[in-house]
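Open the structure in your viewer and keep the sequence beside it. This tour says what to select at each stop and what is there.

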Amino acid sequence: MNYILNKYCPRIDFDSYEDFYENFQINVPEAFNFGFDVVDEWARVEPEKRALVWCDDHDGERTFTFTDLSRLSNQAANAFRKLGIGKGDVVMMILRRRWEYWVCAVALCKLGATIIPASLQLTKKDIAYRANSAQVKMMVCVNDDYVCGQTEEALPESPSIENRIIVAGERAGWTPFDELIAGESDEFERPTGEAGVTSKDIMLIYFTSGTTGMAKAVCHNFAHPLGHIITAKYWLQVEENMLHMSVTDSGWAKFGWGKIYGQWIAGATIFAYDMDKFVPTKLLQKIQDYQLTTFCAPPTMYRFMLQEDVSAYDLSSVHNFATAGEPLNAEVTLAWERLTGKKIREGFGQTEGPVLLATFPWIEPRPGSMGKPSPLLNIKLLDDDGQEVPDGEEGAICVTGLKEAYPPGLFVGYYQDEERTREAVGGEYYNLHDMAWRDSDGYCFFVGRNDDVIKCSGYRIGPFEVESALIEHPAVVECAVTAAPDPIRGKVVKATVVLAKGWEPSDELVKELQNHVKKTTAPYKYPRVVEFTDELPKTIGGKIKRKLIRTNDGIKD
Ligand code: ATP
Ligand code: MG
């Protein structure tokens, strides 16, 4: 029995994946509001329930119950209302992992406002672009010279911004958050009628990672948090009152996946570590010190943790390790299992929705596979004509049946881009343009983004398979496999490789890596070109930008 979950899901326990797939259901009320219906409800029925355990690199540590958050968010909602923020107003937050993020996100949800969570690395141009395109009325930023400086420089070009709030400090021209809410009432009535929200109103605008081009502004409605029941309860396997950690900054959709919505609906406690920068050993230490029970980090973080002595840490409190955002090489999950005794459960999805495919609890993880479809989204692998592909053949991952029942949690459009919205979700199905195949047991395997699949000499080569083969070699920490121009063949497979500590580039190593790939995959897939580099080009969120490597090599998409 879980008080909140049971309100929205008629059944929460299942005997098998098949039972789950057939029978899982979410009922979306007309007017769901995460602030009142989840945070305040927990505070009402279990006042002392822990919601958030927060720490940073400067001895900061705080624990918040749902009552604390209910009250603080009420104070913030009252203060924001006095600044003219109400239903439909847009507020941008650049708060890293400061605890105030949760307070503000809940307060703004209660007000019916729309939030744009944004990343720390935005430039003044990015800020002005977002402010103007969404008519941002208020900025809430962490006290950081770069963030505040860029915001200040964006102001002359961003006339819609009326107020600037600063968190964790003071700065001329900014209102300190603590001062703003001090003295405000910790009660706040749920707005009704015209001022209240429906589940269809826009709650959230996230920007995509920008792996393939300009970041897209993805709109989610107030029902969105309910879609993350699947993400949190059935993929991350969070447990009521136990600590869950997902490593991500508040500026990304992954934060919505792992650090707020589904976790709190399921009654779990969120663990947040506001790190200055990612240091693998410090992260391992936190898992041990706080006895986390569920943990999620992007594949690249696992790869870097594996460069350290993982066995020196006691990670036995964690019963579920998870990852998403990029493909997870089988080698990484096998190495992790050797050291911790547990496999990593992969999830697949996008900023545009909740988890779509995952290694759900009843499924034995199969290294290299993303798992099986979520029951929520009617996922199919389709060919170019919209027909389902047979098992073993590559198809595009699609969310189907949109006209019959629009799945809760799936985005409702790209902000102010009707054409792109119509193209994406205006028809029968939403095509993610991510390619995958399914084995005869129903496990799905990632091939690559459609644009990243290498077409050469009549073959289609998925970069992920070649990258996974390379990463099995002890010399390789990370690599990106792309198409490179070739005067005779037109295009060839190229690997850009980051070497592990103690390895040096050499012609012999190139040969060795090529032979290794020839042995582990079909020989025609081996990289004819191997280039060594200290760092792969990545998005600010840490995703490999294969397109940039291609463009630098003179390949046009
Ligand atoms: P943009 O849309 O701006 O190019 P992006 O697609 O990288 O950026 P996100 O929404 O952060 O932005 O990422 C979603 C994409 O990440 C998916 O479409 C898929 O390509 C990739 N992805 C996510 N999870 C996995 C996974 N488990 N395995 C393989 N790829 C994944
Ligand atoms: Mg995308």
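Start with helices α6 and α7: α6 passes α7 in a right-handed crossing. Keep in mind that this is a predicted model.

Select residues 124–134 for α6 and residues 145–154 for α7. The two helices pack at an angle of about 55 degrees, and their axes are 8 Å apart. That angle makes α6 oblique to α7.

Now show the side chains at the contact. From α6, pick Lys124, Ile127 and Ala128. From α7, pick Gln150, Thr151, Glu153 and Ala154. Colour these contact residues by type: three are nonpolar, two polar and two charged.

## A serine in a helix

Next, select residues 66–82, which are helix α4, and find Ser70 in it. Is Ser70 buried or exposed? Ser70 has a relative accessible area of 10%, so it counts as buried.

Show what surrounds Ser70. Leaving out residues up to four places away in sequence, Ser70 touches Val39, Asp40, Ala43 and Lys110.

## An open sheet

Move on to the strands β24, β25 and β26. They form an open sheet in that order, with mixed pairing. Select 476–486 for β24 and 529–532 for β26. Both stand at the edges with a single partner strand each, so one side of each has no neighbour in the sheet. Turn the view along the sheet: from one strand to the next, the twist averages 25 degrees.

How do β24 and β25 run? They run antiparallel, joined by ten bridges. Look for Thr482 in this pairing; its bridge partner in β25 is Lys494. Then follow the chain from β24 to β25: a hairpin of three residues joins them.

Now select residues 490–499, strand β25. How many bridges join β25 to β26? There are four, and these two strands run parallel. Find Thr496, which stands opposite Glu531 in β26.

## Helices on the sheet

Finish by colouring β25 by accessible area. This strand is mostly covered, with eight of its ten residues buried.

Terms used. Residues are numbered from 1 along each chain as its sequence is written. Chains are lettered from A and ligands numbered from 1 in the order in which they are written. This is a predicted model: local features need pLDDT of at least 70, side-chain atom pairs count only at pLDDT 80 or more; totals for chains, interfaces and linings use all residues. Side-chain values use heavy atoms; hydrogens and water are left out. Axes are lines fitted to C-alpha atoms, for helices over the stretch in contact, and angles run from 0 to 180 degrees between N-to-C directions. Angles under 35 degrees count as roughly parallel, over 145 as roughly antiparallel, 65 to 115 as roughly perpendicular and the rest as oblique. A crossing is left-handed if the near helix is turned anticlockwise from the far one by less than a right angle, and right-handed if clockwise. Contact means heavy atoms within 4.5 Å. Ala, Val, Leu, Ile, Met, Phe, Trp, Tyr, Cys and Pro count as nonpolar, Asp, Glu, Lys and Arg as charged, and the others, Gly among them, as polar. Two strands pair if DSSP finds at least two bridges between them. Buried means under 20% relative accessible area, exposed over 50%, partly exposed in between (1.4 Å probe, protein chains only).
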